[in-house]
Amino acid sequence: MASITLDRRALLAPLFPDQDKWLFVSGLAGSSKDAAGLTNDGPNLFTMAGCMGSAVATGLGMALSAPEKQVAVITGDGELQMGLGSLNTVATQGPANLTVVCIDNGTHGETGGQEGHTVHRTNLGLIAQGAGFPSVKEITSADQIADAHDFIRTAPGPRFLWCRVLPGDPTAFKRNFNPAECRIAFRRAYLGA
């Protein structure tokens, strides 16, 4: 098993220093807080609430409908595993502009911090590879972020970046939970208005 030293709160900013050039879809809880912290809850972020397992499928739809834009799904290991079948669909559709970033802390923060499958034998990188992703990368430490930055910009898409992080709190950020405001703001960003 790889030695994990990566702090999730130090991951997204160096991975996406050009965050305003991306459209983001985030999963639940921790990954949404991390993505909101990255974008300052910006209009280019579509966060999920109450629909666990939908982030990858939503990102796929977004990438297919806006092929001229770069789309990143920021999700956690629990949320991703609720919708694993969507990885197959992503690989089959093959949108070159889609990147899935899985922040894997090996616990289920949404339901009380129970230990997840990935601390045992589940290998999300192999699952993505088996689904048919042409580009898969795993990182476990901060010194690998620069390579991951280049990977999500140069590797053939769709790309799957498995970020194995230490257990711990996500970015402290209070998101806007007004779905109408968020939807309208994201639509404007999507349309470039």
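What percentage of the 193 residues in the chain is buried? Keep that in mind as you open this predicted model; the answer is 47%.

**Whole chain.** Start with a cartoon view of everything. Along the principal axes, the C-alpha atoms fill a box of roughly 45 × 35 × 30 Å. Of the contacts between residues at least 6 apart in sequence, 75% link residues at least 24 apart.

**Surface and charges.** Next, colour the 15 positive and 17 negative charges: their mean positions lie 6 Å apart.

**The loop between α2 and β2.** Select Asn-40, in the loop that runs between α2 (29–39) and β2 (45–47). Asn-40 is not a glycine, yet its phi is positive, about 55 degrees. Its relative accessibility is 59%, over the 50% cut-off, so Asn-40 counts as exposed. Then pick Asp-41, found in the loop between α2 and β2. Asp-41 has a positive phi too, near 55 degrees, but with a relative accessible area of 21% Asp-41 is partly exposed.

**The loop between α7 and β8.** For the last stop, select Pro-158, in the loop between α7 (145–154) and β8 (159–164). Zoom in on the link from Gly-157 to Pro-158: this peptide bond is cis, with omega about 0 degrees.

Definitions and conventions:
Residues are numbered from 1 along each chain as its sequence is written. This is a predicted model: local features need pLDDT of at least 70, side-chain atom pairs count only at pLDDT 80 or more; totals for chains, interfaces and linings use all residues. Side-chain values use heavy atoms; hydrogens and water are left out. Buried means under 20% relative accessible area, exposed over 50%, partly exposed in between (1.4 Å probe, protein chains only). Contact means heavy atoms within 4.5 Å. Lys and Arg count as positive and Asp and Glu as negative; His and the chain ends are not counted. The place of a charge is taken as NZ of Lys, CZ of Arg, CG of Asp or CD of Glu. Helices (H or I, at least four residues) and strands (E, at least two) are DSSP runs, numbered from the N terminus.
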